[in-house]
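Here is a short briefing on one protein chain. Please keep the sequence and the model side by side while reading.

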Amino acid sequence: MLGLVGRTLPSLKLESAAGPVDLADLGRNLLVLFVYPHATGLGGAPVPGWDAIPGARGCTAESCGFRDRQAAFEAVGATICGLSVQRVEEQRAFAARVGIGYRLISDPDRRLASMLGLPTFTAHGRTFYRRLTLVTDAGRIKKVFYPIHLPGEHASEVLAWLEQRPRA
């Protein structure tokens, strides 16, 4: 899917709500990197008509699904991170508001999209990531979830795959 499985997660230094990170360092171990358009749980929508844009709605539900299952992900050895175009300040406020304890990474210039060819969409002159999840291990992408139709149930889908995955 998207030709990403088997590719190396690139060395890309980005800011996060918990400080700077390098994606390659995070991906050396089992990593669930869910990429989302924009968490709108902070008041107004990022652009007019957000809820009518196919695939835009559901970021808060998806983020909270990963939050609610964080202990289960840790039990299978996985680290969770979320990535969006949102600024660090927005992510920090969102994380505090809904109780997110995992790292939220800011990629406002969509550098990861450029490096891996990740899908995006544009609305009202702003470009956002399309929702997808990368599972990496030993620096390589092992699984891609795309498209994601039910964001609120997606964390359970990823966890089920991790629990049943073949191990080397």
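Buried means under 20% relative accessible area, exposed means over 50%, and partly exposed lies in between (1.4 Å probe, protein chains only). At 6% relative accessibility, leucine 116 therefore counts as buried. This is a predicted model: local features need pLDDT of at least 70, side-chain atom pairs count only at pLDDT 80 or more, and totals for chains, interfaces and linings use all residues. Residues are numbered from 1 along each chain as its sequence is written, and side-chain values use heavy atoms, with hydrogens and water left out.

**Leucine 116 and its contacts**

- Leucine 116 lies in helix H5. Helices (H or I, at least four residues) and strands (E, at least two) are DSSP runs, numbered from the N terminus.
- Leucine 116 is in contact with Leu4, Arg7, Thr8, Leu9, Pro10, Leu134 and Ile141, leaving aside neighbours within four places in sequence. Contact means heavy atoms within 4.5 Å.
- Threonine 8 is 108 residues from leucine 116 in sequence, and the two are 9.4 Å apart in space, C-alpha to C-alpha.

**Helix H2 against helix H6**

- The axes of H2 (residues 59–68) and H6 (residues 151–164) come within 6 Å and cross at roughly 30°. Axes are lines fitted to C-alpha atoms, for helices over the stretch in contact, and angles run from 0 to 180 degrees between N-to-C directions.
- H2 and H6 are therefore roughly parallel to each other. Angles under 35 degrees count as roughly parallel, over 145 as roughly antiparallel, 65 to 115 as roughly perpendicular, and the rest as oblique.
- The crossing of H2 past H6 is right-handed. A crossing is right-handed if the near helix is turned clockwise from the far one by less than a right angle, and left-handed if anticlockwise.
- From H2, the residues Ala61, Glu62, Gly65 and Phe66 meet Pro151, Gly152, His154, Ala155 and Val158 of H6.
- By class, this contact of H2 with H6 has five nonpolar, three polar and one charged residues. Ala, Val, Leu, Ile, Met, Phe, Trp, Tyr, Cys and Pro count as nonpolar, Asp, Glu, Lys and Arg as charged, and the others, Gly among them, as polar.

**What is buried in H2**

- Cys59, Glu62, Ser63, Cys64, Gly65 and Phe66 are buried in H2.
- The cover over the buried residues of H2 includes strand S3 (31–35), helix H3 (70–75), strand S4 (79–84), helix H4 (88–98), strand S8 (132–137) and H6.
- Phenylalanine 66 is found in H2. Its relative accessible area is 0%, so phenylalanine 66 is buried.
- Not counting residues up to four places away in sequence, phenylalanine 66 touches Val32, Phe34, Phe73, Ile80, Tyr102, His154, Ala155 and Val158.
- Phenylalanine 128 is 62 residues from phenylalanine 66 in sequence and 20 Å away in space, C-alpha to C-alpha.

**Cysteines**

- A disulfide is a covalent bond between the sulfur atoms of two cysteines. Here the test is a pair of cysteine sulfur atoms within 2.5 Å.
- A search of the whole structure finds zero disulfides. Cysteine 64 is in no disulfide, and its nearest cysteine sulfur, that of cysteine 59, is 11 Å away.
- Cysteine 64 has 13% relative accessibility and so counts as buried.
- The sulfur of cysteine 81 is 16 Å from the closest cysteine sulfur, in cysteine 64, which is too far for a bond. Cysteine 81 is buried, with a relative accessible area of 1%.

**Backbone exceptions**

- Most residues other than glycine have a negative phi, and most peptide bonds are trans.
- The peptide bond from tyrosine 146 to proline 147 is cis, with omega near -10°. Proline 147 sits in the loop between strand S9 (140–145) and H6.
- Arginine 110 is not a glycine, yet its phi is positive, near 55°. It lies in the loop between strand S5 (103–106) and helix H5 (111–116).
- Arginine 110 is partly exposed, at a relative accessible area of 25%.
- Histidine 124 also is not a glycine and has a positive phi of about 55°. Its loop runs between strand S6 (120–123) and strand S7 (126–129).
- Histidine 124 is exposed, with a relative accessible area of 58%.
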